[in-house]
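Hi,

Here's the structure I promised to pass on. Have a look at it first, then read my notes on the charged side chains below.

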Amino acid sequence: VLFRSFKHGSFPKVDVVDYDECVVIVAEMPSMTKERLGIDVEDGVLTISGDKHQLEDADARYIVRELKHSSFKRSFELGDNLSSDISAKFENGVLRIEIPKREKEESTKRSINIY
């Protein structure tokens, strides 16, 4: 398994793309700021978290409320073939995380001396 998400239907929604050299996670988070965003890797689990609070308006009466305004955390299990040398870029509300694949160990044949 290259990669596994712990929760389906979670926020933020993501695209996970498998390239020859890496796996890329792309997440859209409108109105999020880079300062309120966190990415951690521990024991083979990558976690995206954010603190997104709306400004409270005492006079507001919502007619439709679909936008996410609360804090969030989303975790993904990284397969053994993925490196922890991860890079991330956040621009215009889009987070792009690039996870390089580890070099495959080529099987080599060698003779074993018998003593």
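A quick definition before we start: a salt bridge here is a side-chain nitrogen of Lys or Arg within 4 Å of a carboxyl oxygen of Asp or Glu. Keep in mind that this is a predicted model. Searching the whole structure for such pairs turns up four salt bridges.

One of them joins the side chains of Lys101 and Asp18, at 2.5 Å from N to O. This pair ties together distant parts of the chain: Asp18 belongs to strand E2, Lys101 sits in the segment after strand E8, and they are 83 residues apart. Lys101 is partly exposed at 21% relative accessibility, and Asp18 is partly exposed too, at 47%.

Next, Arg36 and Asp51 make a salt bridge at 3.3 Å. Here Arg36 comes from the loop between strands E3 and E4, while Asp51 is in the loop between E5 and E6, 15 residues apart. Arg36 has a relative accessible area of 41% and Asp51 has 30%, so both count as partly exposed.

Glu98 and Arg96 also pair up, at 3.7 Å. Glu98 is partly exposed at 30%, as is Arg96 at 36%.

Arg74 lies in strand E6, and a polar atom of the Arg74 side chain is 2.5 Å from the backbone oxygen of Pro12.

Cheers

Note on methods:
Residues numbered from 1 in each chain as written. Predicted model: local features only at pLDDT ≥ 70, side-chain atom pairs only at ≥ 80, totals over all residues. Heavy atoms only, no water. Helix = DSSP H or I, 4+ residues; strand = E, 2+ residues; numbered from the N terminus. Polar contact = N/O pair within 3.5 Å; in protein donor to acceptor, adjacent residues only side chain to side chain. Buried < 20%, exposed > 50% of the residue type's maximum accessible area, 1.4 Å probe, protein only.
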